[in-house]
Amino acid sequence: MQLKNDLLIRAAKGEAVERTPVWLMRQAGRILPEYRAVRESVSGFIELAQTPELAAEVTIQPVDILGVDAAIIFSDILVIPEAMGLPYEMVEKRGPWFPNVVSSVADLKKLRIADGVDDLSYVIDAIKITKRELDGRVPLIGFAGAPWTIFAYMIEGSGSKTFSKARAMLYTQPEMSHQLLQMITDSTINYLKAQIAAGVDLIQLFDSWAGILPPEHYETFSLKYIAQICDAINEVPKTVFAKGAFFAREQMGKLNCETIGLDWNMGVAESRKMIGDDKTLQGNLDPAALYGSAKEVELVTNLMMDQFKGGRHIANLGHGVYPDISPDKVKVFIETVKNYAKR
């Protein structure tokens with residue numbers, strides 16, 4: 001299907017664009033009353049994510065309401081451990097929780113490598129429905145969690161400020177850690193290839209807990225596996241977003257991907273110098289900036305755009321949009337990016 005708006009794809013590939021494309025991480029979510037209405041019609045997040053028609057509906061909402069240049073499929077990074085045989089629950093106001101965790105080789109033997117098609121058919125179905133309903137208006141982004149981040153949840157059992165159990169595993173059981181990371185990597189490659197076959201136009205890897213590892217461990221237990229995934233996926237452009245991994249920007253510049261996402265703590269000029277000119281940079285406004293007045297949001301957005309000017313860029317926040325931010329402020333951010341080229 002021919003895309004009517006292919007700005008994101010061209011920007012990712014480093015091709016000429018009339019203006020910088022813009023989308024937001026977590027754009028399909030609680031900032032929108034329309035999303036909350038759909039969410040309240042089911043038992044919770046997991047049922048919503050596992051109901052393809054509803055997942056497609058909330059995926060498309062930001063395109064209709066906010067005017068973003070891409071949709072990102074509504075799902076969760078933790079569908080991979082579930083497909084591998086480690087189910088999770090989403091506890092209101094607390095986040096994900098795993099009734100069982102991986103702590104031994106015996107636990108590892110209970111897991112399988114996910115095929116990405118049959119065991120995650122609800123995501124694949126949601127992608128097909130979304131592609132049909134979008135009718136080529138904008139690209140559809142598929143995604144997965146980076147192996148280290150998925151590993152961290154599978155060992156820890158929930159979110160954590162320190163992920164000390166997961167980090168301890170790297171020191172005390174490195175061989176088992178590599179075994180599990182490889183299983184996650186193989187499952188993720190299968191899953192992303194299934195998403196691409198179903199129609200996604202670009203994929204993003206989220207390494208949400210990259211910043212809690214020391215640089216040596218990040219290279220050994222995270223980047224190594226991200227590189228495997230990047231090398232295995234050649235069908236569509238790839239983005240790697242590793243929150244907090246400021247120390248790994250030079251290595252990320254060598255990954256076989258088109259785009260590197262920057263969080264709001266990563267300086268733009270410094271990042272460009274470290275990553276190089278042959279990658280597109282994505283980001284990186286502080287999400288908290290959207291709490292300001294409309295005039296303040298416009299000002300900080302233009303300042304951000306000035307910093308990226310002259311280089312390959314996809315406009316986004318430096319992390320997901322916070323759930324209590326006004327959709328009107330999000331619209332100001334999006335419109336300011338769209339109008340920047342006219343200044």
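His319 touches Met25, Arg26, Phe241, Lys243, Trp264 and Pro287, when residues up to four places away in sequence are not counted; contact here means heavy atoms within 4.5 Å. The structure is a predicted model, in which local features need pLDDT of at least 70 and side-chain atom pairs count only at pLDDT 80 or more, while totals for chains, interfaces and linings use all residues. Residues are numbered from 1 along each chain as its sequence is written, and side-chain values use heavy atoms, with hydrogens and water left out.

His319 lies in the loop between strand 9 (313-317) and helix 15 (327-340), where helices (H or I, at least four residues) and strands (E, at least two) are DSSP runs numbered from the N terminus. At 17% relative accessibility His319 counts as buried, because buried means under 20% relative accessible area, with exposed over 50% and partly exposed in between (1.4 Å probe, protein chains only).

His319 is also one of the residues that UniProt, in an unreviewed entry, lists under "binding site", together with Arg26, Gln27, Ala28, Gly29, Arg30, Asp76, Tyr153 and Ser208; UniProt positions are given in the numbering used here, feature names are shortened, and annotations may be inferred rather than shown by experiment. These residues are spread over 294 residues of sequence and are also spread in space, with up to 23.2 Å between C-alpha atoms. The lining of the largest pocket includes Arg26, Gln27, Ala28, Gly29, Arg30, Asp76, Tyr153, Ser208 and His319. A pocket, on a 1 Å grid over the protein atoms alone, is an open set of points where a 1.4 Å probe fits, with protein on both sides within 12 Å along at least five of seven lines, and its lining residues have an atom within 4 Å of a point.

Arg26, in the loop between helix 1 (7-13) and helix 2 (33-39), is exposed, with a relative accessible area of 52%, and has a positive phi of about 65° although it is not a glycine. Asp76, in the loop between strand 1 (71-72) and helix 5 (79-84), is instead buried at 15%; leaving aside neighbours within four places in sequence, Asp76 is in contact with Phe45, Tyr88, Met90 and Phe143, and a polar atom of its side chain lies 2.8 Å from the backbone nitrogen of Leu78.

Phe163, in the loop between helix 8 and helix 9, is buried, with a relative accessible area of 0%, and its phi is near 45°.

Note on methods
Polar contact = N/O pair within 3.5 Å; in protein donor to acceptor, adjacent residues only side chain to side chain.
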